[in-house]
Amino acid sequence: MKKRICFALIISILGLLVAVAPYTFAKVCDIGEKVMKCHWTARAELFVGLAVTALALLKLFSDNVQYQLALNAGIALNAVGVILFPTTLIGVCGKATMHCHSVTQPTLIVLGILIILATLIQTVVLWKKR
């Protein structure tokens, strides 16, 4: 039970970091005369970050193994979106010197990988429990 709560809290914190990163510590470009691609990536990341957080918090309501595995699948799928939005689906600004290209994109990739790793570790623990 303590492992379930620990994983839920870790994943929900990572989800919140995904949601707020493009607007705070890994800020995307400001809107000027032209709306840049990174602006739309930030909006998409807000949604998937909050979805990861919501799914992680649902883990607190039941310790049923199938329920936990289903939530892990949903979290992992959203984490793939966390990685794909700044890299291929929407992207960030093309210049390598832009803050969104050099900071935001790597930050989101690392957060997405951490979410996937946390769900994989919990999945292995749950499979052993079965």
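A salt bridge here is a side-chain nitrogen of Lys or Arg within 4 Å of a carboxyl oxygen of Asp or Glu. By that rule, the count comes to one: K27 pairs with D30, and their closest N and O atoms sit 4.0 Å apart.

A quick note on the source: this is a predicted model, where local features need pLDDT of at least 70, side-chain atom pairs count only at pLDDT 80 or more, and totals for chains, interfaces and linings use all residues. Residues are numbered from 1 along each chain as its sequence is written, and side-chain values use heavy atoms, with hydrogens and water left out.

The table uses relative accessible area (1.4 Å probe, protein chains only): buried is under 20%, exposed over 50%, and partly exposed in between.

| Residue | Relative accessible area | Class |
|---|---|---|
| N78 | 17% | buried |
| K27 | 36% | partly exposed |
| V20 | 37% | partly exposed |
| D30 | 60% | exposed |

Now for N78, which lies in helix α3, residues 65-89 (helices are DSSP runs of H or I, at least four residues, numbered from the N terminus). Its side chain reaches the backbone oxygen of G74 at 3.0 Å. Leaving aside neighbours within four places in sequence, N78 is in contact (heavy atoms within 4.5 Å) with V48, A51, V52 and L55.

What about the outside? I5, L9, I13, L17, V20, F25, L57, L58, L60 and F61 make a nonpolar surface patch of about 860 Å². Patch members have over 30% relative accessible area and no salt bridge, with nonpolar side chains (Val, Leu, Ile, Met, Phe, Trp, Tyr) joined within 5 Å. Helix α1 gives the largest share, five residues, and V20 lies in that helix.

Terms used:
Helices (H or I, at least four residues) and strands (E, at least two) are DSSP runs, numbered from the N terminus. A polar contact is a pair of N or O atoms within 3.5 Å; within protein, one must be able to donate a hydrogen and the other to accept it, and residues adjacent in sequence count only if both atoms are side-chain atoms. Patches are made of residues with over 30% relative accessible area and no salt bridge: like charges are joined within 9 Å, nonpolar side chains (Val, Leu, Ile, Met, Phe, Trp, Tyr) within 5 Å. Accessible areas come from the Shrake-Rupley method with a 1.4 Å probe; for residues, only the protein chains shown count as cover.
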